[in-house]
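Hi,

Here is the structure I promised to pass on. Could you have a look at it, and then read my notes below?

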Amino acid sequence: MRLACLVALLAFSATAYAGQAEPIKLTVGYSPISAATLPFFIAVEERLFQKHGLEVVPVFFGGSPLINAAMMAGEFPIGLTGGAGIISSQLAGSDLTVIGSYLQVLTIDGMARPGIKSIEDLKGKKVPSAALARRLISPVFPCSTRAA
Amino acid sequence: MLDSRGMKPSEVAFIQAGGVGESYAALANGAVDAAMIGYPFSLKAKQAGFQLLFRPPDTEYGLYPNATIAARESWLKEPRNRKIAVGFLRAMNEGLHLSKTDATVSKKALRRYTRVQDEATLQSTFEFFQPYFPASLRTIEKAMANAIKFLDHPKAKQLDPKLTFNNSFVEEALR
């Protein structure tokens with residue numbers, strides 16, 4: 001009887017061991033190293049990918065264009081990247097597509113010196129021309145840079 | 001910001017500054033009267049007494065695909081790869097939820113990856129981004145449409161935003 005139980009236990013263990021599939025190793029390119037990438041950092045740190053059968057190897061890249069180029073070259077299948085770069089890539093003929101988004105707002109604020117109480121007060125005033133900020137201010141019209 | 005008040009770019013003087021750090025420096029030293037600046041410079045500006053004039057997330061201009069998960073359609077169409085993508089999104093969705101709800105886990109991850117150790121900075125970073133992370137990984141069409149609007153490309157105007165993303169993987173991940 002004891003021998004039968006032992007054999008049954010060993011057979012069950014072997015079956016259970018064989019059923020545990022190896023996690024699929026997945027290299028993922030990401031950028032930037034900042035709080036904007038926090039959901040991914042948490043998923044790696046808390047081993048959330050392992051729960052879903054994946055062994056993720058995060059690889060930092062210096063910017064979205066590099067990640068997109070690496071995906072197109074077949075270096076890795078999934079990348080964390082800016083949506084605008086994906087759109088540019090699509091316009092250039094690539095088959096990259098966005099399958100999820102974890103930060104979909106512009107996290108920049110319009111700040112002014114004391115005395116400027118409204119946006120209308122900016123008439124005739126000076127603002128910096130950082131490229132994206134300029135485009136945000138004028139989504140339709142391209143802006144030219146002028147000295148004060 | 002100007003467009004939201006019906007103003008034209010020609011009604012202000014733009015000064016070449018560089019990135020958001022340089023824009024903050026220009027605001028701080030009085031070289032400009034206002035600037036669009038990102039965290040942590042927006043926090044520094046607020047602490048230094050500058051006024052909040054415009055917060056894009058509170059308007060139609062604020063939606064923008066800042067951080068996305070992308071893959072090639074040719075890879076995704078294989079059933080095995082679809083399963084991998086869905087599994088990846090399930091884990092990311094859990095990470096997203098924790099980034100909005102768990103300061104301890106968030107700060108632990110930030111400490112490791114950003115090398116920032118200061119507790120006050122980590123806490124304020126968590127609090128800053130918490131409301132900005134979305135409830136789910138579903139891509140919002142308006143965000144992609146805004147990004148298309150900002151692109152200087154001759155074909156951009158003809159591009160249908162719906163063609164730039166595919167939410168079917170997230171929908172399957174959330175089931």
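**Chain B and chain A overall**

Among the contacts in chain B between residues at least 6 apart in sequence, 53% join residues at least 24 apart, where contact means heavy atoms within 4.5 Å. For chain A, residues 24 or more positions apart account for 54% of the contacts with a separation of 6 or more.

Before going further, a word on conventions. This is a predicted model, in which local features need pLDDT of at least 70 and side-chain atom pairs count only at pLDDT 80 or more, while totals for chains, interfaces and linings use all residues. Residues are numbered from 1 along each chain as its sequence is written, chains are lettered from A and ligands numbered from 1 in the order in which they are written, and side-chain values use heavy atoms, with hydrogens and water left out.

Chain B has eight helices and four strands; helices (H or I, at least four residues) and strands (E, at least two) are DSSP runs, numbered from the N terminus. Its elements run β-α-β-α-β-β-α-α-α-α-α-α from the N terminus on. Taken along the principal axes, the C-alpha atoms of chain B fill a box of roughly 55 × 45 × 25 Å. Of its 175 residues, 47% are buried (buried means under 20% relative accessible area, exposed over 50%, partly exposed in between, with a 1.4 Å probe and protein chains only). The accessible surface of chain B is about 8,500 Å², with 51% belonging to carbon and sulfur atoms; these areas come from the Shrake-Rupley method with a 1.4 Å probe, and for residues only the protein chains shown count as cover.

Chain B also carries 24 positive and 18 negative side chains, and the centres of the two sets lie 6 Å apart. Here Lys and Arg count as positive and Asp and Glu as negative, while His and the chain ends are not counted; the place of a charge is NZ of Lys, CZ of Arg, CG of Asp or CD of Glu.

Chain A comes to six helices and six strands, in the order α-β-α-α-β-α-β-α-β-β-β-α from the N terminus on. Buried residues are 49% of its 148. Chain A exposes about 7,000 Å², and carbon and sulfur atoms supply 62% of that.

**Confidence in chain A**

The average pLDDT of chain A is 81, and 76% of the residues score at least 70; pLDDT is the predictor's confidence in each residue, from 0 to 100. Please take care with residues 130-148 of chain A, where pLDDT stays under 50 and the model has 50 contacts beyond four places in sequence.

Helix H2 (residues 38-45) of chain A is largely enclosed by the rest of the structure, because seven of its eight residues are buried. Those are Leu38(A), Pro39(A), Phe40(A), Phe41(A), Ile42(A), Ala43(A) and Val44(A).

Pro32(A) sits in the loop between strand E1 (24-30) and H2, and the peptide bond from Ser31(A) to Pro32(A) is cis, with omega near 0°. In the loop between H2 and helix H3 (48-51) you will find Arg47(A), which has a positive phi of about 55° although it is not a glycine.

**Where chain A meets chain B**

Asp109(A) lies in strand E5 of chain A and is buried, at a relative accessible area of 2%. Its side chain is joined to that of Arg55(B) by a polar contact of 2.7 Å (a pair of N or O atoms within 3.5 Å; within protein, one must be able to donate a hydrogen and the other to accept it, and residues adjacent in sequence count only if both atoms are side-chain atoms). Besides Arg55(B), the residues touched by Asp109(A) include Ala35(B), Met36(B), Leu52(B) and Phe54(B).

Thr107(A) is in the loop between strand E4 (96-105) and E5, and is buried with a relative accessible area of 13%. Its contacts include Gly38(B), Tyr39(B), Asn66(B), Phe128(B) and Phe129(B). Ile37(B) and Tyr132(B) are touched by Asp109(A) and by Thr107(A).

Arg115(B), in the loop between helix H5 (103-114) and helix H6 (119-129) of chain B, has a positive phi of about 65° although it is not a glycine. Arg115(B) is exposed, at 67% relative accessibility.

Ser118(A) is in the loop between strand E5 (108-112) and strand E6 (126-128) of chain A, and at 23% relative accessibility counts as partly exposed. Its C-alpha atom is separated by 45 Å from that of Ala70(A), 48 residues apart along the chain.

Best wishes
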